[in-house]
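I opened the model to look up a few local features. My notes are below, in the order I took them.

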Amino acid sequence: MDKMMWAGRFSKEIAADVNDFNSSISFDARMYRQDIKGSIAHATMLGEQGIIDKSESAVIIEGLKGILADIEAGKLDFDPNAEDIHMFIEAQLTERVGDAGKRLHTARSRNDQVAVDLKLYLKDEISIISDMVRQLIGTVTDLAEQHTETVMPGYTHLQRAQPITFAHHLMAYAQMFARDLSRLADCYKRTDVMPLGSCALAGTTYPLDRRRTAELLGFADITLNSLDGVSDRDYAIELCNDISMLMMHLSRFSEEIILWCSWEFKFIELDDAYSTGSSIMPQKKNPDITELIRGKTARVYGDLQTLLTMMKGLPLAYNKDMQEDKEAIFDAIDTVKMCIKTFIPMLATMTVNKENMRAAAAKGFINATDCADYLVKKGLPFRTAYKITGMLVAMCIEKNTTLEDLPIEEYKALSDEFDTDVYDAISLDRCVMTRNVEGGPAPEAVKAQIAELKARVGEIKL
């Protein structure tokens with residue numbers, strides 16, 4: 001009983017099953033670095049403010065550094081019976097340095113301690129995930145630069161719609177990932193606010209220098225309401241939302257790769273190192289990685305729903321429900337990192353079948369809009385040109401031919417505005433090359449998009 005930091009109020013031992021139910025060390029132990037870092041900063045500030053003797057502050061700091069070194073070296077194992085990582089480290093400290101260790105928790109509560117640990121941890125993870133997203137964007141843009149003239153069909157409703165380039169398609173995902181990076185940077189700003197000093201909920205009578213602690217911990221600012229400081233989990237929810245959107249983008253990309261790998265498309269082929277086979281069908285080469293990413297996206301959505309639902313009915317300030325935040329956000333972080341780590345080399349090593357992409361673009365009348373535009377440029381209203389082109393497509397389907405192969409006489413039968421230059425206007429290459437509007441699929445437009453995105457991504461800072 002005496003081992004419990006809150007034991008003085010109680011006359012009975014906590015039941016073993018309740019202790020197990022209450023304990024969080026099985027998952028919050030991963031924050032040991034952040035907990036020790038926060039405690040070192042707190043002890044430093046306490047000593048500087050004269051709240052505890054500087055000599056005791058020095059002893060505490062050395063003790064904490066020793067605990068960190070032993071954990072890192074594998075000499076100190078986490079006690080599964082400990083209530084949480086905070087109590088484990090404090091108990092270790094007191095065991096090592098004696099009464100000085102008991103002074104560490106002066107002017108601090110576990111409520112603000114866990115909040116600062118989680119913010120420190122998430123700041124570190126946001127940095128890691130952001131670096132991974134930058135690498136992902138680099139892989140996508142590198143691939144796009146190789147395929148600015150690789151013609152493929154663009155789709156709506158999974159029906160061939162208009163000709164584009166593979167680079168243009170890839171850069172749509174690069175834009176998504178750039179927005180993800182921007183969201184992570186915004187989330188970092190709101191996470192970079194230190195709650196330590198809020199104590200349990202009402203601050204403290206001790207003369208803390210919270211801004212000094214924030215400086216020692218590398219926070220940009222401090223929380224300005226002690227109730228909010230200990231009960232806020234917006235930053236964790238925001239990060240999980242950002243990760244969910246990132247996973248959604250990975251899932252959409254994965255779905256396209258799954259389609260492109262199929263014999264029905266055969267636009268790409270994944271490297272053998274990033275595919276699996278079948279236990280019964282020897283011919284199979286399955287895109288399991290992308291299917292798993294698609295599935296794990298649902299898992300991350302579940303983490304987000306856990307956090308939102310956990311917080312929706314909580315009165316101020318801290319409630320034990322909030323212990324459930326960690327497993328959800330930790331799982332979302334672990335999942336997205338694992339997915340990006342696998343996705344990048346899979347994308348970098350895949351083979352692009354340019355010929356199949358172009359062959360698909362040659363079918364499906366995806367140059368019909370350009371045929372209508374040809375008539376518009378001759379002076380016809382767009383709706384009139386649209387109707388005439390639709391009649392031409394119907395004629396081609398009936399005659400089992402294409403707009404490129406339809407005789408000029410058939411064109412002229414529907415409009416005198418047609419001449420032989422229509423064949424140049426509806427050629428695949430011209431259809432793509434003339435779409436040189438900013439943001440369009442023409443090679444020069446895509447090259448400009450790549451350059452702009454690289455510059456923009458370079459300006460996104462945490």
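**Entry 1: the methionine.** I am working from a predicted model. I started at methionine 45, which lies in helix H3, residues 32-48. Is methionine 45 buried or exposed? I read 2% relative accessibility, and the cut-off for buried is under 20%, so methionine 45 counts as buried. Next I listed its contacts, leaving aside neighbours within four places in sequence. Methionine 45 touches Leu208, Asp209, Arg212, Thr213 and Leu216. Methionine 45 and glycine 390 are 345 residues apart in sequence, and their C-alpha atoms are 76 Å apart in space.

**Entry 2: the helix pair.** I then turned to H3 and helix H9, residues 210-217. The two pack at an angle of about 140 degrees, and their axes are 9 Å apart. That angle makes H3 oblique to H9. I noted the crossing as right-handed. Which residues meet here? From H3 I have Lys37, Gly38, Ala41, His42, Thr44, Met45 and Glu48. From H9 I have Arg212, Thr213, Leu216 and Leu217. I sorted the residues of this contact into four nonpolar, four polar and three charged.

Entry 3: Last, I looked at strands E1 (residues 151-156) and E2 (residues 159-165). They pair in the antiparallel sense over six bridges. Tyrosine 155 stands opposite arginine 160 in E2. The hairpin has two residues between the strands. Histidine 157 takes a positive phi there, near 55 degrees.

Notes: Residues numbered from 1 in each chain as written. Predicted model: local features only at pLDDT ≥ 70, side-chain atom pairs only at ≥ 80, totals over all residues. Heavy atoms only, no water. Helix = DSSP H or I, 4+ residues; strand = E, 2+ residues; numbered from the N terminus. Buried < 20%, exposed > 50% of the residue type's maximum accessible area, 1.4 Å probe, protein only. Contact = heavy atoms within 4.5 Å. Pairing = 2+ DSSP bridges. Axes fitted to C-alpha atoms, helices over the stretch in contact; angles between N-to-C directions. Parallel < 35°, antiparallel > 145°, perpendicular 65-115°, else oblique. Left-handed = near helix turned anticlockwise from the far one by under 90°. Nonpolar A, V, L, I, M, F, W, Y, C, P; charged D, E, K, R; others polar.
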